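Good morning. I will take a few minutes to go through one model, from the whole chain down to a single residue.

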Amino acid sequence: MAAASASASELQTSSGTERDNEPRLDVELLKDTARKALIDTLNAVNGAKTLVLDPTLAGPLGLVTEVALLKHHGVDKMFWLEPGPLTSTTTNVVYLCRPLIKYVKIIADQVKAHTQESQKHRYTLFLVPRVSTLVSRMLEEEGILGDITISSYNLQFIPIAGDVISLENDNAFKELWVDGDETVIYNSALALNSLQKVYGRFPRILGKGDYASRLATLLTKSLPDQPSPLSDPSAPSAPFDSLIIIDRTVDMITPLLTQLTYEGLIDEFIGIKNSHVELPVSLLTLPAAPNPSNPNATPSGSASVTPLVNEKTKKHHLSAATDPLLAELRDLNFSSVGKRLSRVAHRLDEDYKARLQAKTVAQLRDFVGKLGGLQSEHQALRLHTGLSEMLSPKTRTELFNKSLEVQQNLLASYEVSAQISAIEDMIAQGASMQTIVRLLCLASITSGGIKAKSLDSVKRELLQAYGYNYLPLLLSLAAPPLAILLPNPLPISTAPAVAGNKYPFITLRKSLRLLIDDNPEALEEVENDISYTYSGYAPISIRLVQCVAQKSGVISNPAEKSTADDGDGKGKGSNARKLYAHPIVGWKGFEDVLGTIPGKTFDIAQKVSVSINSTASSVVSLMRPHEQTTTTAVFFLGGCTYTEIAALRWVSRQNKGRKFLIVTTGIVSGNSLIDSIASTGKNLSATKDVGTY
């Protein structure tokens, strides 16, 4: 696959200012709703309180509030919810957790221990996102139901970027496709209903996949009333035109591949958890001020930082709201990041040198006014240069490049047996367990299964190299409904559901134009298509979104014409040259393609009531359809990757009049999916009993 070159990959964000001119939904309303709900939850317990927190909620809560706010509302001390005694100096003890059986048992043990020690406390249990009958039954069986007040904290979608909102449920994929716990579908339906209350209804719900279809069915039903979220007093400036639901198993290939965008690689190699990343402290310290005695010294010189291997790390919030340089870099193919950083460093150098041209007091005052912004940019440049230096050596290792080569050959169906041998060699070379499992699953999906003898051999080597504790992982990957690591031919004992649901990758590769050759003529094609995110491979999930929202992009590259028309050859077409997005007309033209993919295909129309009193609504109704800016919500059930987010942003920039709101159960990568499936024991949810279906 061709490595996307700088000139066009830089185009992916060069038009950022243009797209911001069009109205976009204000997702900060959701953050305000979550913060207000948390304050109300804490205030429901009068007086000082000890907060015992589910560790998996710490990251999501950190995106909507801060410790100071908790203390302001009576939290005296905070503890993790984990086995062992609990020491509380306050009368009130507040538990905040997801309704998992393991947490209920810990709470019961701690309350019983306090009773035996004659400690008197008032216990309150807030379940996230809703109360559970089973939790009450379990506490009753433990004999402590009368000692605990049970309520809920309705934490739903959390904004993690201006166009991305997430339930931040790391285990959604495992719960659905390994544990068989469909609670996440119901919770997603409640959250999407709340979204409609804030921004307006989805006129049309489309999607692909069996679980996605169940979610769509729930959305058309009347669900229990929830606390009303904060609503925008004015009508939405960019109302929804549709909701597209993508079931994660409809496209398992994309998360198994190595992400090649800047933000994607950070997630692959360092790990991004709830928009936070662990970085060496030296990268996060403020740079030294420019030396007045040496005005010709380039400030960007200090941007080159080689972090110490054993240096202490600190959590850093990756946010484009506070770091404009991240907004420029995050969606670029990594091969373009170096040039972009060099350009920024050169511009900063010129800006710093402007003080030498400042002769008058007014000019000096202007420079001093800009100095704060320059220093912030300087720190951002230093951070991202250091991050790039951390990533670059990893992308040059033999194992990394061998993994990319195997992925490329499997996507092209080139000598599959040789790729299986290469995977075996990588085990001997010390590749990580996650890398090997990802490649094996990729080989199975793209080739319709792996020869039984070869698969048994690789499995045996994998277990001997990494440990027999990974046997349940291999069994889960082969079992329905996941079934992404299978032999070919399938044994006679294979369940009919598995045998009849083979993934038609080779057919899709042609019909959805997934793969672009790595010849020089095709390089420009890579750069002008969503395939730039994987250096020549287009994510199937985003191609399916294009089947609904940008049909021409499936057949040919929408950016080709505007790029060819530009005189400077850099593809920076003016906003006026963009075509208006076509109306949502369903899967029209791609029904046959959708029919080959396992899982239900659906297209449901909903009645939308328009507020007569809304001035904004009446203005919108007077506009011609193509002059409105609408929002298409794309919901990934089971999680999405940073590369899919980057690809959707690229699609959004190609036309006027349509923006995308990316909605997901959580951010995933191939490693995080494999790790979650490999985790020992099931995170049994205690909400499955509620009559949700």
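The protein chain exposes about 29800 Å², and carbon and sulfur atoms supply 54% of that area. Accessible areas here come from the Shrake-Rupley method with a 1.4 Å probe, and for residues only the protein chains shown count as cover.

Before going on: this is a predicted model, where local features need pLDDT of at least 70 and side-chain atom pairs count only at pLDDT 80 or more, while totals for chains, interfaces and linings use all residues. Residues are numbered from 1 along each chain as its sequence is written, and side-chain values use heavy atoms, with hydrogens and water left out.

Of the 693 residues in the protein chain, 55% are buried. Buried means under 20% relative accessible area, exposed means over 50%, and partly exposed is in between (1.4 Å probe, protein chains only).

The protein chain has 32 helices and 19 strands. These are DSSP runs, numbered from the N terminus: helices are H or I with at least four residues, strands are E with at least two.

Now a sheet. Five strands form an open sheet in the order E2-E1-E3-E4-E5, with parallel pairing. Its edge strands, E2 (75-80) and E5 (148-152), each pair on one side only. Two strands pair if DSSP finds at least two bridges between them; strand E1 (residues 49-53) and E2 have five, in the parallel sense.

Last, one residue. Is Asn401 buried or partly exposed? Asn401 counts as partly exposed because its relative accessibility is 37%. Asn401 lies in helix H18 (residues 398-411).
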